[in-house]
Amino acid sequence: MKRILVGFVAVSIVVFGIASLFFVGYTQSLPAPTVDRVGFPTGYKDTYKLLYVFDNYQNRQIRKVYGNDVAASVSPGQVFNFPYGSIILFESYTVRQDSSGEPVLDENGRFIPVDLTTIFVMRKERGFGEDYKEIRNGEWEYVAYRPDGSVSTPPSATGSCALCHLTGGGLNLSSISRNVGAQWDYVFRPDLYFSSGSGALPKGVLQHYIFVPSTIHAQAGETVTVYNYDQLIHRIVADDGTFDTGVMNPGASFTVKASAAGSVVSYHCTIHSRVRGSIVVDDPPLALGVTGLTLNPSNVRVGASFSSVLTGANLTDLTYFDIRFRSPGSTTDQEAQNWQRGISASHNVTAGTATGTWTVTGVRPHQESGNHSSSFVTMSVPITVSP
């Protein structure tokens, strides 16, 4: 295997039914300042230091995090203790996504930016944060701006920012809410800056003296990123000597680009002898092909059931199938993802299903439940629902 050290940077859905999602939320009146004492940092790209770039999988965004000279002056020996005058911001970019809403990765395994939407700014000064009352974050205050400098989230609405930096999420303040932010001076992931972590999505982590997973499976050409999430230093080298990370502090990462299928790269820690891992480059997945769909019976009453059988190449009982369909009298295609798993299944026609002829206009097979990126196989298979 050619190993290139890219960088060490210390449900089934009921037949033809249309599902709805209902979100149950909560409201909580949160205290916050009423005056903007943070201020839009005009010219920050020319005067601030880019600390790190973080691919946020949860929010489907790229966060480019900058700090002014005061914030950037903090050294690993002063970790999580930012001086007064510190200003930290992150630019929030939307990212390119596939048809299933999953982020698309570039050749280096990173999110691909689309639009800069918001600039979130936090500032630390003496006396700041008092108006947040019980959710105060030390002496930080927050405001969010649009790229043109206009206000996106005014000070009076930043209680949610303070709450998140206090608890690590949008958790209602209660007796069980833990003040997780204080240990980092309410600045999340500064270890990526101090340890030069890449900010890419992890394929594996090093924790509690082991790699998780111990064997990483990758595809040819894939960039694999592994982080040191342990609470101590490690130094990882390839067994054949092709790479050496040097000392990795907590938060640091290394990346390896895989090449030929069937090859393996093994590595170990020179400081802790039992810390070992490997990357295995798998063969490309077999191409899935659908050649037919049979619905039996083709005329079914509401409250009854019917079977569906799919035929084609490399289909198994672990294969997922999405369908594209049209309801009676409609000329518009709809889509049901993960409609069936396996080449045969039974489906119930529930009460309330519209009567008339439904038509399956396409089928899409896939091996992973969340991967809906391939194309539909066009077909026309009718089934009639009677009262």
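F211, F243, F254 and Y267 form one aromatic cluster. The structure is a predicted model, in which local features need pLDDT of at least 70, side-chain atom pairs count only at pLDDT 80 or more, and totals for chains, interfaces and linings use all residues. Residues are numbered from 1 along each chain as its sequence is written, and side-chain values use heavy atoms, with hydrogens and water left out.

A pair of aromatic rings is described by the distance of the centres and the angle of the planes. Here, rings of Phe, Tyr and Trp (its six-membered ring) pair if their centres lie within 6.5 Å; planes under 30 degrees apart count as stacked, over 60 as edge-to-face and the rest as tilted. There are 14 aromatic pairs in the structure. One of them joins Y44 and Y66. Their ring centres lie 5.3 Å apart and the planes stand at 75°, so this pair is edge-to-face. Y44 belongs to helix α1 (residues 44-47) and Y66 to strand β3 (residues 61-67), so the pair ties together parts 22 residues apart in sequence. Helices (H or I, at least four residues) and strands (E, at least two) are DSSP runs, numbered from the N terminus. Y44 and Y66 are both buried. Buried means under 20% relative accessible area, exposed over 50%, and partly exposed in between (1.4 Å probe, protein chains only).

F82 and W140 also make an edge-to-face pair, with 6.3 Å from centre to centre and 70° between the planes. Distant parts of the chain are linked by this pair. F82 sits in the loop between α2 (69-72) and β4 (87-95). W140 is in strand β6 (residues 140-145), and the two residues are 58 apart. F82 has 4% relative accessibility and therefore counts as buried. W140, at 0%, counts as buried too.

Charged side chains also meet aromatic rings. A charge sits over a ring if NZ of Lys or CZ of Arg is within 6 Å of the ring centre and within 35 degrees of the ring normal. The charged end of R60 sits over the ring of Y57, at 4.3 Å from the centre. K124 lies over the face of Y84, and here the distance to the ring centre is 5.7 Å.

Strands of a sheet pair through backbone hydrogen bonds, either parallel or antiparallel. Two strands are taken as paired if DSSP finds at least two bridges between them. An open sheet of three strands has the order β17-β19-β22, with antiparallel pairing. β17 (289-296) and β22 (344-348) stand at the edges. Each has a single partner strand, so one side of each is left without a neighbour in the sheet. On average, neighbouring strands of this sheet are turned by 25° against each other, direction ignored. Axes are lines fitted to C-alpha atoms, for helices over the stretch in contact, and angles run from 0 to 180 degrees between N-to-C directions. β17 is joined to strand β19 (residues 305-313) by seven bridges, and the two run antiparallel. T294 stands opposite V309 in β19.

T319 is placed in the loop between β19 and β20 (320-326). Its relative accessibility is 0%, so T319 counts as buried. The T319 side chain makes a polar contact with the backbone nitrogen of T316 at 3.0 Å. Such a contact is a pair of N or O atoms within 3.5 Å; within protein, one must be able to donate a hydrogen and the other to accept it, and residues adjacent in sequence count only if both atoms are side-chain atoms. Residues up to four places away in sequence aside, T319 touches L288, N314, Q340, R341, G342, P365, H366 and Q367. Contact means heavy atoms within 4.5 Å.

Two cis peptide bonds can be described. One joins V212 and P213, with omega about -5°. P213 lies in the loop between β9 (210-212) and β10 (215-218). Another joins N296 and P297, with omega about 0°. P297 is in the loop between β17 and β18 (299-301).

Positive phi values occur in residues other than glycine. D185 has a phi of about 55°. This residue is found in the loop between α3 (159-167) and α4 (190-194). D185 is buried, with a relative accessible area of 9%. Phi of Y209 is near 70°. Y209 lies in the loop between β8 (204-207) and β9. At 44% relative accessibility, Y209 counts as partly exposed.
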